[in-house]
Amino acid sequence: MSPPAPELLLSSNESHVSETCKTYNITSAQFDTLHRRCTASKATAYCPYSKFRVGASILTHDDQYIDGANVENAAYPVGTCAERVAFGKAVTEGHRKFKAVAVATDISPPASPCGMCRQFIREFCELDTPILMFDKDGAFVVLRLEQLLPMSFGPESLPPPGSAGARG
């Protein structure tokens with residue numbers, strides 16, 4: 001049996017936003033900025049094939065925001081999701097610690113990151129990192145990474161470089 005769907009909250013409801021911020025240790029200004037930036041990032045998506053725009057914004061531990069949008073390709077498997085674009089930018093700019101991830105789409109209810117993105121996020125985020133998912137109307141769902149990717153495989157699952165069992 002599937003777990004119950006998470007509660008759909010409203011970004012226009014001050015109580016929903018306040019409780020979310022308290023639960024996930026972000027400020028209302030950070031919440032608003034993540035919402036605004038991931039929603040705005042959809043406008044930069046390159047999605048001529050699916051027409052499915054996705055925007056992402058990541059909040060670093062030093063309070064910087066890194067944005068991304070999906071980029072499709074005629075050879076479908078080589079397209080890149082918004083979350084991986086944002087994390088690729090963040091990592092190549094030297095960021096390694098992240099406080100929250102936000103994703104926005106043009107559908108309702110909100111869409112969650114795909115499986116590949118969940119694993120990609122897992123490489124760089126703690127399991128308790130909140131993932132905020134916004135729909136076309138600003139309604140949102142928030143889950144921790146460990147809820148989106150239970151029993152995950154992360155960097156700590158591998159032996160340290162140079163130790164017995166490691167190749168490279």
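Arginine 37 and aspartate 67 form a salt bridge in which the closest N and O atoms are 2.8 Å apart, a salt bridge being a side-chain nitrogen of Lys or Arg within 4 Å of a carboxyl oxygen of Asp or Glu. The pair links distant parts of the chain, since arginine 37 belongs to helix α2 and aspartate 67 to strand β3, 30 residues apart; helices (H or I, at least four residues) and strands (E, at least two) are DSSP runs numbered from the N terminus. Arginine 37 is partly exposed at 27% relative accessible area, whereas aspartate 67, at 17%, counts as buried. Here buried means under 20% relative accessible area, exposed over 50%, and partly exposed in between (1.4 Å probe, protein chains only).

This is a predicted model, in which local features need pLDDT of at least 70 and side-chain atom pairs count only at pLDDT 80 or more, while totals for chains, interfaces and linings use all residues. Residues are numbered from 1 along each chain as its sequence is written, and side-chain values use heavy atoms, with hydrogens and water left out.

## The network around lysine 42

By the salt-bridge rule the count comes to six, and Lys42, Arg53 and Asp106 are linked in a network of such bridges. Arginine 53 lies in the loop between α2 and β2 and aspartate 106 in the loop between β4 and α4, so the pair ties together parts that are 53 residues apart in sequence. Arginine 53 is partly exposed at 30% relative accessible area, and aspartate 106 is also assigned partly exposed, at 30%.

Lysine 42 is located in the loop between α2 (28-41) and β2 (54-60) and is buried, with a relative accessible area of 6%. The side chain of lysine 42 reaches the backbone oxygen of threonine 105 at 3.3 Å. Leaving aside neighbours within four places in sequence, lysine 42 is in contact (heavy atoms within 4.5 Å) with residues including Val54, Gly55 and Ala104.

The 14 residues of α2 should span 20 Å at 1.5 Å a residue, and the end C-alpha atoms of α2 are 20 Å apart, which agrees; the expected span is 1.5 Å times one less than the number of residues. Among the buried residues of α2 are Phe31, Leu34, His35 and Cys38. The buried residues of this helix pack against α1 (14-24), β2, β3, β4 (98-105), β5 (130-134) and β6 (139-144).

## Backbone features in the loops

Serine 108 and proline 109 are joined by a cis peptide bond, with omega about 0°, and proline 109 lies in the loop between β4 and α4 (115-124).

Two residues other than glycine have positive phi values. Asparagine 25, with phi near 55°, is found in the loop between α1 and α2 and counts as exposed at 59% relative accessibility. Aspartate 63, with phi of about 60°, is placed in the loop between β2 and β3 and is partly exposed, with a relative accessible area of 44%.

Key
Polar contact = N/O pair within 3.5 Å; in protein donor to acceptor, adjacent residues only side chain to side chain.
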